[in-house]
Amino acid sequence: MTDRLILGIESSCDETGVGIVRLGPDGSLELLSDEVASSVEQHARFGGVVPEVASRAHLEAMVPTMRRSLEIAGVELSDIDSIAVTAGPGLAGALLVGVSAAKAYAAALGKPLYGVNHLAGHVAADTLEHGPLPERCLALLVSGGHSQLLLVEGLAHKITELGSTVDDAAGEAYDKVARLLDLPYPGGPPIDKLARTGNGCAIAFPRGLTGPRDAKYDFSFSGLKTSVARWVEKAERAGEEIPLADVAASFQEAVADVLTMKAIRACEDLRIDTLVIAGGVAANSRISGLAAERCAEAGITLRVPRPKLCGDNGAMIAAIGAHLVAAGAKPSPIDLSTTPGLPVSTIQVF
């Protein structure tokens with residue numbers, strides 16, 4: 001068996017991603033290119049992603065991003081062996097652009113098409129940097145729209161959701177708190193930067209769903225976001241100067257504390273010794289830092305992809321596609337549909 005080239009297309013939200021991965025005969029993966037065109041600046045003035053704007057941006061960026069990815073990989077489109085594309089979850093219109101493009105390329109080239117799960121792709125991104133995952137591991141997936149604990153028993157075979165957010169995801173809470181503090185959108189990076197100069201213990205913000213009767217693997221950040229807003233409003237009414245760095249650091253500490261505490265708890269409960277943190281918020285310095293401290297104390301191996309692989313990108317979609325190809329999975333039909341609410345347990349769409 002020879003090397004195979006897997007092309008991945010991602011368009012679930014505001015990033016147009018095209019990545020190319022080489023799948024070796026032994027199942028090894030080599031990342032050849034990972035090109036991303038972001039429309040985040042077009043959404044910034046709205047304080048969040050506008051679906052229609054995102055869809056138009058994908059249409060404009062798809063072909064140029066494809067050309068850059070092929071050029072950087074040093075391959076021709078005709079060299080591609082399989083095409084993987086995000087079929088869900090995500091914004092309906094944005095997904096449609098990527099899936100339509102993937103169908104066109106697959107049909108024109110006569111190559112197999114794999115409609116894959118965006119969330120599984122986030123976990124698969126780690127294998128591009130740290131190699132194969134163990135047979136059983138836990139994934140903490142944190143992004144703008146998702147905060148989940150996942151039991152991974154083979155990226156091409158079985159992913160089970162242990163817990164999820166019951167309201168705002170961590171990334172959503174970051175965006176809303178950033179707006180409250182007059183920080184740029186998206187809120188994760190500016191809050192993380194500001195928090196480094198603040199005291200994370202200055203303000204005792206609540207830790208949602210951490211009581212003895214609460215769902216042990218679920219998350220809730222809506223109450224935390226509201227608590228930050230109330231604290232700032234109270235200080236403003238009293239005519240006090242808002243200690244922005246301390247507010248940012250204390251908010252971030254609350255998020256990191258809950259995420260890492262529940263992840264470690266799940267690892268210990270299920271006797272799992274490897275934790276993967278994936279998704280855009282995985283690039284946050286305090287979350288990864290606290291996770292490293294707690295994993296070291298618990299004897300758990302921590303794996304976090306480099307920041308560029310944490311966000312939405314085509315490389316992660318090529319990676320999950322490569323895992324499916326290596327496992328001998330049947331290709332998806334050329335008329336596959338997008339599924340905006342696709343559950344993480346459905347790794348491939350038919």
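Which residues does the UniProt annotation "domain: Gcp-like" cover? According to that record, an unreviewed entry, the annotation covers residues 30–318. The model on your screen is a predicted one.

**Stop 1: the annotated stretch**

Select residues 30–318. Over this range the chain is 49% helix and 16% strand. Now pick out the C-alpha atoms at the two ends of the range. They are 11 Å apart.

**Stop 2: Glu 35**

Next, select residues 29–38. This is strand E3, and Glu 35 lies in it. Is Glu 35 buried or exposed? Glu 35 is buried, because its relative accessible area is 17%, and the cut-off for buried is under 20%.

Show the side chains of Glu 35 and Arg 68. A polar contact of 3.0 Å joins them. Then bring up the other residues around Glu 35. Leaving aside residues up to four places away in sequence, Glu 35 touches Thr 16, Gly 17 and Val 18 among others. Further along the chain, the residues it touches include Thr 65, Arg 68, Ser 69 and Ile 72.

**Stop 3: the open sheet**

Move on to the strands E6 to E10. In what order do the 5 strands of the open sheet stand? The order is E8-E7-E6-E9-E10, and the pairing is mixed. From one strand to the next, the twist averages 25°.

Look at the edges of this sheet. Strand E8 (159–164) stands at one edge and strand E10 (301–303) at the other. Each has a single partner strand, so one side of each has no neighbour in the sheet.

Zoom in on E10 and its partner. Strand E9 covers residues 274–278 and runs parallel to E10, with 3 bridges joining the two. To find one of the paired positions, select Thr 274 and Thr 301. Thr 301, in E10, is the bridge partner of Thr 274.

**Stop 4: the cysteines**

Finish with the cysteine sulfurs. How many disulfides does the structure hold? The structure holds 0 disulfides.

Select Cys 13. Cys 13 is in no disulfide, and the nearest cysteine sulfur, that of Cys 310, is 16 Å away. Cys 13 counts as partly exposed, at 21% relative accessibility.

Then select Cys 137. Cys 137 is in no disulfide either; the nearest cysteine sulfur belongs to Cys 267, 8.7 Å away. Cys 137 is buried, with a relative accessible area of 0%.

Definitions and conventions:
Residues are numbered from 1 along each chain as its sequence is written. This is a predicted model: local features need pLDDT of at least 70, side-chain atom pairs count only at pLDDT 80 or more; totals for chains, interfaces and linings use all residues. Side-chain values use heavy atoms; hydrogens and water are left out. Helices (H or I, at least four residues) and strands (E, at least two) are DSSP runs, numbered from the N terminus. Buried means under 20% relative accessible area, exposed over 50%, partly exposed in between (1.4 Å probe, protein chains only). A polar contact is a pair of N or O atoms within 3.5 Å; within protein, one must be able to donate a hydrogen and the other to accept it, and residues adjacent in sequence count only if both atoms are side-chain atoms. Contact means heavy atoms within 4.5 Å. A disulfide is a pair of cysteine sulfur atoms within 2.5 Å. UniProt positions are given in the numbering used here, feature names are shortened, and annotations may be inferred rather than shown by experiment. Two strands pair if DSSP finds at least two bridges between them. Axes are lines fitted to C-alpha atoms, for helices over the stretch in contact, and angles run from 0 to 180 degrees between N-to-C directions.
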